[in-house]
Amino acid sequence: MKETDREAVATAVQRVAGMLQRPDQLDKVEQYRRREARKKASVEARLKAAIQSQLDGVRTGLSQLHNALKDVGDIQRSLADVSKDWRRSINTIESLRDVKDAVVQHSQLAAAVENLKNIFSVPEIVRETQDLIEQGALLQAHRKLMDLECSRDGLMYEQYRMDSGNTRDMTLIHSYFGSTQGLSDELAKQLWMVLQRSLVTVRRDPTLLVSVVRIIEREEKIDRRILDRKKQTSFVPPGRPKNWKEKMFAILERTVTTRIEGTQADTRESDKMWLVRHLEIIRKYVLDDLIVAKNLMVQCFPPHYEIFKNLLNMYHQALSTRMQELASEDLEANEIVSLLTWVLNTYTSVEMMGNVELAPEVDVGTLEPLLSPHVVSELLDTYMSTLTSNIIAWLRKALETDKKDWAKETEPEADQDGYYQTTLPAIVFQMFEQNLQVAAQISEDLKTKVLVLCLQQMNSFLSRYKEEAQLYREEHLRDRQRPHCYVQYMIAIVNNCQTFKESIVSLKRKYLKNEEEGVSLSQPHMDGVLDAIAKEGCGGLLEEVFLDLEQHLNELMTKKWLLGSNAVDIICVTVEDYFNDFAKIKKPYKKRMTAEAHRRVVVEYLRAVMQKRISFRSPEERKEGAEKMVREAEQLRFLFRKLASGFGEDADGHCDTIVAVAEVIKLTDPSLLYLEVSTLVSKYPDIREDHIGALLAMRGDASRDMKQTIIETLEQGATQTSPSYVPLFRDIAVPSLNVAKLLK
């Protein structure tokens with residue numbers, strides 16, 4: 001208390017100090033005193049009221065405890081009186097045991113009397129129930145069956161209660177009601193038949209399906225009631241539990257499986273498209289069935305049956321099993337594609353499970369795959385292996401067919417631009433397109449793999465194509481009269497190379513979104529092979545030209561030529577005639593071919609100069625020969641300008657070489673020969689000393705010392721080759737005999 005008083009005084013001092021901090025507040029001391037007095041009176045009043053309330057509560061509690069004590073005493077006395085009465089009445093209870101047994105027997109007899117009518121009418125009820133089942137009145141039949149089972153089960157239960165060990169009476173009751181189980185089985189058969197046709201029944205007579213579901217639901221309730229009673233009495237009537245709901249789902253599952261398996265109407269032997277037809281029938285049946293189940297069957301079943309969800313799972317499982325069976329068969333490549341396309345794409349598309357009529361109950365994102373990734377991988381491996389073999393065979397057959405065309409007596413067809421071509425590129429890339437389109441239906445990954453495969457096989461095919469083109473050329477060289485249209489078909493082979501190039505680029509652009517390293521690396525190699533084929537083809541065509549020009553080229557730089565041969569006229573006419581046919585060659589190759597023909601004609605002309613077929617004996621002859629060379633160079637220049645007019649190329653460079661050589665021959669002052677020759681060598685760095693020797697020998701007026709001096713001097717001078725320079729003299733050989741004579 002002292003501590004409390006001290007705390008109260010300290011608090012009061014603190015409050016007073018807070019009130020009297022300024023001198024002017026001393027005037028309000030009386031006001032502060034009255035306010036604190038009022039607060040004190042208020043607190044004391046509340047404290048008194050609280051204490052009074054607590055005292056009233058204690059007084060009430062004490063009164064109730066006193067009353068409870070009196071009640072406990074009364075109860076003790078009453079219990080003592082009851083105990084005395086119970087001890088006195090034990091003998092009386094024992095004397096009533098016979099009455100108790102009589103009551104039990106009476107209840108059993110009362111139950112028997114109550115069921116006598118049903119017992120005596122069992123045969124009649126059995127007949128009526130059988131008739132109702134045969135008439136299809138399933139609800140009425142089930143009602144009577146329930147009455148029979150109720151009578152049987154009631155009697156057996158009473159017998160079980162009275163004497164559970166008396167099997168003879170139980171057997172007698174069971175035998176008397178023996179037809180009941182047969183009726184139950186017969187009714188069940190009718191129910192299962194309706195359920196097997198439930199998708200048809202729900203459209204024609206939904207009431208019948210509802211009746212079946214009601215019967216099953218009744219039996220489920222009876223099963224639950226009997227199982228609950230079993231926990232108390234251990235008694236279970238014969239044939240229980242029936243579990244008809246479980247059997248119903250089993251029947252539906254077997255029905256779904258049978259429906260899926262029964263859609264295969266054809267075999268591979270009777271119809272090549274058997275699998276496509278089979279899968280399409282499955283798609284249509286499953287979609288129609290699920291739509292009917294969603295819109296109609298759910299109205300015939302209680303919600304807790306979740307009939308649509310269960311049917312969806314049944315169809316999915318049945319389809320998965322069927323797809324596994326199909327995948328295990330020895331399928332052909334096109335059948336594998338059909339199966340995988342259906343499994344991976346069609347199944348989840350709007351044509352089937354993604355159909356708007358099944359939404360939102362069916363979510364394709366939650367459906368498990370019909371085939372496991374392992375099975376899909378095995379099918380894809382088999383498909384790729386088969387496709388590889390097929391592509392190799394198709395390419396070989398296409399090439400054989402094309403080779404037969406090369407021997408035809410008629411010219412090959414021309415495209416819309418007038419260029420010769422064969423059907424080979426179209427056939428090859430049509431085949432590639434078809435396989436890529438098929439692969440694209442399955443997956444992007446398979447499409448890329450098939451594209452890589454096609455390009456790989458294209459590489460091998462082009463090597464064979466190159467070999468066959470070489471053999472075709474060699475066969476023609478053995479007999480130039482055969483084949484009749486060799487030139488035209490060789491032009492078509494060259495053009496095919498350009499078509500192959502364009503088709504490869506188009507194929508990759510169309511079917512490859514991202515240029516992958518493995519695919520992109522194959523393009524340069526194929527381009528190289530195609531360029532090699534085209535180069536050899538163009539070479540073969542030019543060889544054909546120069547075989548016809550050989551006789552006239554041999555006339556150049558001879559006495560006959562000097563006296564007025566028209567060899568160059570014939571050469572120009574022949575080349576122009578051939579190039580009229582070569583107009584059917586596509587531009588990239590024709591451009592190169594024209595440039596090569598120009599170079600080779602000039603080289604052959606220069607080779608004739610270096611052959612020392614003629615040696616001029618006078619300045620007049622040299623002048624005449626040089627002027628003729630210049631005129632012929634202009635003829636050739638005009639010809640190749642005409643042939644190259646569509647390419648924008650400079651066709652003058654090579655012919656200038658003939659003019660330059662003519663200038664050396666035309667020179668009248670031998671002392672200037674060194675200067676003229678050095679100018680020639682500076683223009684044409686690939687010219688050799690034997691070429692210079694042959695050229696001086698053709699002039700016929702250079703002494704041995706002069707020739708030796710010019711050659712030795714030029715050897716000491718360094719010449720630099722221009723990057724754009726096209727060598728002409730490099731391929732020209734000078735007969736050694738002529739050089740030996742020159743040095744002598």
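Modeller: A salt bridge here is a side-chain nitrogen of Lys or Arg within 4 Å of a carboxyl oxygen of Asp or Glu. Keep in mind that this is a predicted model.

Biologist: Okay, so how far apart are the closest N and O atoms of Lys-466 and Glu-536?

Modeller: They sit 3.9 Å apart, and the pair forms a salt bridge. Lys-466 belongs to helix 16 (residues 444-478) and Glu-536 to helix 19 (residues 522-555), so this pair links distant parts of the chain, 70 residues apart. Lys-466 is partly exposed at 25% relative accessible area, and Glu-536 is partly exposed too, at 26%. There's also a network: Glu-400, Lys-403 and Glu-468 are joined by salt bridges that share partners.

Biologist: How many salt bridges does the structure hold?

Modeller: The count is 25. Take Asp-289 with Arg-259, where the closest N and O atoms are 2.4 Å apart. Asp-289 lies in helix 11 (residues 274-295) and Arg-259 in helix 10 (residues 244-261), so the pair ties together parts that are 30 residues apart in sequence. Asp-289 is buried at 2% relative accessibility, while Arg-259 is partly exposed at 33%.

Biologist: And what about a pair inside one helix?

Modeller: The general idea first: an α-helix has 3.6 residues a turn, so residues three or four places apart point the same way. Now the case: Arg-59 and Asp-56 are both in helix 2, three residues apart, about one turn. Their salt bridge has its closest N and O atoms 2.9 Å apart. Arg-59 is exposed at 52% relative accessibility, and Asp-56 is partly exposed at 33%.

Biologist: How many disulfides turn up?

Modeller: The idea is to check sulfur pairs against a cut-off of 2.5 Å. A search of the whole structure finds zero disulfides. For Cys-538, the closest cysteine sulfur is in Cys-497, 8.5 Å away, too far for a bond. Cys-538 is buried, with 9% relative accessible area.

Biologist: Last one: which residues make the nonpolar surface patch?

Modeller: Val-16, Leu-20, Leu-26 and Val-29 make it, covering about 320 Å². Leu-26 sits in the loop between helix 1 (2-19) and helix 2 (29-94). Leu-26 counts as exposed because its relative accessibility is 54%, and the cut-off for exposed is over 50%.

Definitions and conventions:
Residues numbered from 1 in each chain as written. Predicted model: local features only at pLDDT ≥ 70, side-chain atom pairs only at ≥ 80, totals over all residues. Heavy atoms only, no water. Patch = residues over 30% accessible without salt bridge, like charges linked within 9 Å, V, L, I, M, F, W, Y side chains within 5 Å. Areas by Shrake-Rupley, 256 points an atom, 1.4 Å probe, with all protein chains shown as cover. Helix = DSSP H or I, 4+ residues; strand = E, 2+ residues; numbered from the N terminus. Buried < 20%, exposed > 50% of the residue type's maximum accessible area, 1.4 Å probe, protein only.
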